[in-house]
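Trainee: Could you walk me through this one slowly?
Mentor: Gladly, let us look at it together and take one topic at a time.

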Amino acid sequence: MPTGAEIFVEAMRALGMGEIFTLVGDHLNEVLIAAARRGVRVLDMRHESAVMHAADVWARLHRRPALAMVTGGPGHTNALTGIATAFQACSPLIAVSGAPAGTLVDRGAFQDLDQRDMVRAVVKWAAQPPRAADLGFYLRRAYAEAVAGRQGPTHLTIPVDLFRAAVQEPVAPPVAPARTAPAPEARDVERALALLESAERPVVIAGSGVWWAQAGRELIAFVERTRLPVWTITMARGVIPDHHPLAMGYADPALNRAALAAFQQADVVLVLGKRLDYRLAFGGPRLFSPAARMIQVDIHAQELGMNRRLEVGLCADVGATLRAFLEVQGSRHWPARPWLEHVRDLDHQWRRHLESATRLTDPPMHPLALYQQLRRCLPAEVLYCWDGGDFCHWGRAYLPALRSGGWVRLGPLGTIGAALPNAVALQMAHPEERVVLIIGDGALGFYLAELDTLVRHRLPVVIIVGNDAGWGIERELQREVSGSHDTVACELRPTRYDLIMQACGGGGELVETVEQVEPALARAFASETPYLINVRVRGARSPFTEWQIAGKRGDADAPRMASG
């Protein structure tokens, strides 16, 4: 008779999940052994939250649920940050936590917690199967809930005795549910197109909905026929490459002052698969004119009109909507507006403004001096994994996004440090390509042991650490608040993280001058092991931090870029 563990493994394989991200523990031993025997790839990591981060990014990259398994008790509590990150990123993560035997619940068993209630605030659905025979049913239900409507994580708590139990009547393996793509109403499509065609200063903002709908080709065809300028954000970065003549780069006003100026002047705004959240100033007057007419497309009806009155709201899949736009539009091309040249000029001005800081090469070098070298030396097809913090924000503002799925970010929760486990998943997904992880020295400390994970699993990620020996954003915010150069709890040591990478079995070196960057990159890309380049940079207030400070002051105008 099969065991519950074997039933579970057969169910996950039937659902198309061939990988388990995990950190081993005695609640999981039976199921991990069964999985390995059936050829499932088991990616073992060093922290439970890192397990969830990596599975989250695997789900984002493959546009389908990914399975992460941790032990109960502290394994479960450690995992919560990673699950919450996936929840904010609308990622279909299936998070499974083991637990003590169900017969011992509420009797003071080792590591006994009410795990379902603990996790419910950051998942779409949570359950605990009552019998071993039900494990396949519950896994399919978790899968179906994860992909329904706006996607997101689900959770199962599975007591260890269910994995160990023999099952007399095996249940047939489940079938993966199909994801639906609801189409928009025809009248809404016509209204939206009429508004866009009559506009003098239209803009298009493309968000993660474009990525999830696999609608990159439709987006490019739509803007080419309508000659509308488009900005991308979140998982849409690179879906239309930044070097496309109609692509204007990041839609994030905190990183792209050209986008800020264009959005403030726009008279019609089309938002495709992006919430009007904090990143877009809640659709408010800091970013958009009160007179601007808004068109929003989102698969989640509750998003439409939540923070801003809409002229047209389309509750639909972004891909289905773009296909409907193209069908109505036909082969007709709209004439180019003078507005298009204006937004290109705004973009050129912003680029020139950023270039001015690339000349600050005296040690410690300005972050943009480093990024200029990366732009010159790195292959155009490289895959980027970004963390947060001032050092990374400079790079996000400066480097172009050229590949669909090649610009992986933390997500709306801003879980700094998660880029290291994220890079594990990105390199796994692209074993024949090169992944570059960009992270600050503070953020690297959160999941430092995952350097060992990279080495053990032979994942040759190139890690660029911007080391300014401090928590850069908080240092700048404190100086703004206090009016003093002194800070509290913001300073770190200039730690030799390259030596830590070497101690884990990878390669690494310290870079202190601009001239050392290119040869260090050459050695990193020639390495067959993960390689960490620890770069001494100066602390410099990024455009992102300037945006934050301006918001705290209530300034209406775009903040200037600090170059010091």
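Mentor: Let us start with strand β15, which is mostly covered, since six of its six residues are buried, where buried means under 20% relative accessible area, exposed over 50% and partly exposed in between, with a 1.4 Å probe and protein chains only. Before we go on, note that this is a predicted model, in which local features need pLDDT of at least 70 and side-chain atom pairs count only at pLDDT 80 or more, while totals for chains, interfaces and linings use all residues. Residues are numbered from 1 along each chain as its sequence is written, and side-chain values use heavy atoms, with hydrogens and water left out.

Trainee: Which residues point which way from β15?
Mentor: Val-435, Leu-437 and Ile-439 point one way, Val-436, Ile-438 and Gly-440 point the other way, and all are buried. In a regular strand the side chains alternate between the two faces of the sheet.

Trainee: And what is the strand order in the open sheet?
Mentor: The order of the six strands is β14-β13-β15-β16-β18-β17, with parallel pairing; strands here are DSSP runs (E, at least two residues) and helices are DSSP runs (H or I, at least four residues), numbered from the N terminus, and two strands pair if DSSP finds at least two bridges between them.

Trainee: Which strands stand at the edges?
Mentor: Those are β14 (407-408) and β17 (507-511), each with a single partner strand, so one side of each is left without a neighbour in the sheet.

Trainee: How many bridges join β15 to β16?
Mentor: Five bridges join β15 (residues 435-440) to β16 (residues 462-467), and the two strands run parallel; Ile-439 stands opposite Val-465 in β16. Four bridges join β13 to β15, again running parallel, and Leu-383 has Val-435 of β15 as its bridge partner.

Trainee: What does helix α15 touch on the sheet?
Mentor: Helix α15 (residues 390-398) packs on the sheet and touches β13 (383-386), β14, β15 and β16, with its direction making about 135° with that of β15. Contact means heavy atoms within 4.5 Å, and axes are lines fitted to C-alpha atoms, for helices over the stretch in contact, with angles running from 0 to 180 degrees between N-to-C directions.

Trainee: Switching to helix pairs, at what angle do α8 and α12 pack?
Mentor: Helix α8 (residues 186-198) and helix α12 (residues 318-329) pack at about 70°, with their axes 10 Å apart. They are therefore roughly perpendicular to each other, given that angles under 35 degrees count as roughly parallel, over 145 as roughly antiparallel, 65 to 115 as roughly perpendicular and the rest as oblique.

Trainee: Which residues make that contact between α8 and α12?
Mentor: Val-189, Ala-192 and Leu-193 of α8 meet Ala-324, Phe-325 and Val-328 of α12.

Trainee: Now Glu-218, is that buried or exposed?
Mentor: Glu-218 has a relative accessible area of 16%, so Glu-218 is buried. Glu-218 sits in helix α10 (residues 216-226) and touches Leu-322, Arg-323 and Leu-326, not counting residues up to four places away in sequence.

Trainee: And where does Glu-480 lie?
Mentor: Glu-480 lies in helix α19 (residues 472-482), and at 29% relative accessibility Glu-480 counts as partly exposed. Leaving out residues up to four places away in sequence, Glu-480 touches Arg-541, Ile-549 and Arg-553.
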